[in-house]
Amino acid sequence: MGDYTADAIAPSMWSSFMRDSYHSRRPPVIGSVDVKKIEEAAREKLKDRLDAFNYVFGNAGTHETFHANRKELNKWKLIPRQLRDVTYRSIETTIFGVKYSSPLFLAPIGVHGIVHPDGELATAAAARELGVPMILSTVSSRSIEAVAGANGSSPRWFQLYWPLVPEMTLSLMRRAKDNGYSALVVTVDTMSLGWRPHDIDTAYLPFYHAVGAQIALTDPEFMKRYGLEPYAHDDVPEFPYDPAKFDDLVKKGDKKALELLRLGDEWMGQLAEGVYRTWDELAFIRKNWDGPLVLKGILSVEDAELAIDAGMDGIIVSNHGGRQIDGAIPCIWALEKICQSPKVKAAQLSGRFTVLTDSGIRTGTDIFRAIAIGAQGVLLGRSYIYGLAIGGQAGVETVVKSILAEFEITLGLCGYKSVSEIWGRAREVMVKID
């Protein structure tokens, strides 16, 4: 075995984040790397706009699914192996033929502009700096083009809430493709919004005021239906978003507010009017999207297998972080069952099908668990939005560096030096304790 020094080992690895923190004697820019403390710091930062915080924090019904996600993850206990040479580690992975620096993706979350004035542009810049893929939500507070500009040459995907009008769908897909979004993620579990008491109690849904409709407002196909020109890409919502202030402008007959009210209502009607799509309709998307096509919101083995039959390139096993159905099965339980399907496993091994997951992921250990169970990539959700709220771009970067540093450190401490050494080996590298 050769001679090792910290300088020779750490710089190229995510774990250098921890070493650099100790060496610099500087605490994290967002105050902590503890996930619960980050959440509480975000709540404090947004104390004057708790409706915005609760929009991110809230879940369906009694939070049962949200808590079940965490409870099921915590059942999986890691089995460390000792005296193995894992000094040099890499958490690189390849998905759809592209090599990524880690298996982590920033999940598609809407309307970043309610928690920070830079909105999705700050998130995109953080993703660019770290080389971590960002998945842009259809209901963003910045345009497809503006986010691509902030994201530079970093890898990015686009998430589609499927508009009712085919021409609008085609327009969004075309803009995404023209602006370097390499994969399309079609969300299939949100044909209508779930029952979310946090938001209902405050009647808070920014989209009806066209906050989170910037992709529509800058879309020529959507705007021409109402005899309007697309908005400029820098025409973005005021921060902080104050629904009462907007209501007051409407009552006073403000022309711009009335127009936004109308357009926001129309956009919501396109995306979440309660029209439920069917499997055969996916052929339209498949025909018109040249690139990887992924379904988000799959929880059953049967649906995972139907996705293969429908020509999908992958799925995201997800219960929307517990935001859609109260009492749904835990996401990691669904992932386990899906990855046990011989049909799914064979498709993964052949390279024809990719399985990713989200919902409940908070730590590096959670990434380890999901990869070992069979996910090829993991999406991080609320945590990075809390980082955004606290510290903008730097806050997002800190959250991402933290979870990836923990994952890489945990991988080494368990005796492994690559993602491939644990992928799909749940019963060897972990034990499930009910």
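Trainee: OK, contact means heavy atoms within 4.5 Å. Leaving aside neighbours within four places in sequence, which residues is isoleucine 315 in contact with?

Mentor: This is a predicted model, so keep that in mind. Beyond those sequence neighbours, Ile315 touches Val294, Leu295, Ile298, Ala304, Ala307, Ile338, Phe353, Thr354, Val355 and Leu356.

Trainee: Which residues touch the most other members of the largest nonpolar core?

Mentor: Phe158 and Ile315 do. That core has 117 residues.

Trainee: Which element gives the largest share of this core?

Mentor: Helix H19, with 13 residues. There is also a second, separate core of 12 residues. Its members include Ile95, Ala107, Ile135 and Leu356.

Trainee: Back to the strand with Ile315. Which residues of E9 are buried on each side?

Mentor: E9 covers residues 314–317. Gly314 and Ile316 are buried on one side. Ile315 and Val317 are buried on the other. Both faces of the strand are covered.

Trainee: How many bridges join E8 to E9, and do they run parallel or antiparallel?

Mentor: Four bridges, and the two strands run parallel. E8 is residues 293–298. Isoleucine 298 sits opposite valine 317. Between the two strands the chain passes through helix H15, residues 301–309. That β-α-β crossover is right-handed.

Trainee: And E10? How many bridges join E9 to it?

Mentor: Four, and that pair is parallel too. E10 is residues 354–357. Isoleucine 315 has valine 355 in E10 as its bridge partner.

Trainee: What's up with serine 359? Where does it lie?

Mentor: In the loop between E10 and helix H18. Serine 359 is at 8% relative accessibility, so it counts as buried.

Trainee: Phenylalanine 96 has a positive phi as well. What is its value?

Mentor: About 55 degrees, and Phe96 is not a glycine either. Phe96 is in the loop between strands E2 and E3. At 27% relative accessibility, phenylalanine 96 counts as partly exposed.

Trainee: New topic, helices. Which residues of H7 are buried?

Mentor: Ile144, Val147, Ala148, Ala150 and Asn151. Down the axis of H7 they fall within an arc of 165 degrees, so they line one face of the helix.

Trainee: What covers the buried residues of H7?

Mentor: The cover includes helices H6, H8 and H10, and strands E5, E6 and E7. Just after H7, glycine 152 takes a positive phi of about 60 degrees.

Trainee: Now H3. Which of its residues are buried?

Mentor: Ile38, Glu39 and Ala42, in a helix that spans residues 35–45.

Trainee: Why would residues three or four places apart point the same way?

Mentor: Because an α-helix has 3.6 residues a turn.

Trainee: What covers that face of H3, and which residue caps its N-terminal end?

Mentor: Helices H4 and H19 are among the elements covering its buried residues. The cap is aspartate 34. A side-chain oxygen of Asp34 lies 2.9 Å from the backbone nitrogen of lysine 36.

Trainee: Which backbone oxygen does the arginine 175 side chain reach?

Mentor: That of isoleucine 215, at 2.8 Å. Tryptophan 195 is another matter: it is 20 residues from Arg175 in sequence, and the C-alpha atoms are 32 Å apart.

Methods: Residues are numbered from 1 along each chain as its sequence is written. This is a predicted model: local features need pLDDT of at least 70, side-chain atom pairs count only at pLDDT 80 or more; totals for chains, interfaces and linings use all residues. Side-chain values use heavy atoms; hydrogens and water are left out. Buried means under 20% relative accessible area, exposed over 50%, partly exposed in between (1.4 Å probe, protein chains only). Two strands pair if DSSP finds at least two bridges between them. A crossover is right-handed if, with the strands pointing away from the viewer, the path from the first strand over the helix to the second runs clockwise. The arc is that of the directions from the helix axis to the C-beta atoms. A polar contact is a pair of N or O atoms within 3.5 Å; within protein, one must be able to donate a hydrogen and the other to accept it, and residues adjacent in sequence count only if both atoms are side-chain atoms. A nonpolar core is a set of buried Ala, Val, Leu, Ile, Met, Phe, Trp, Tyr and Cys residues joined through side-chain atoms within 4.5 Å.
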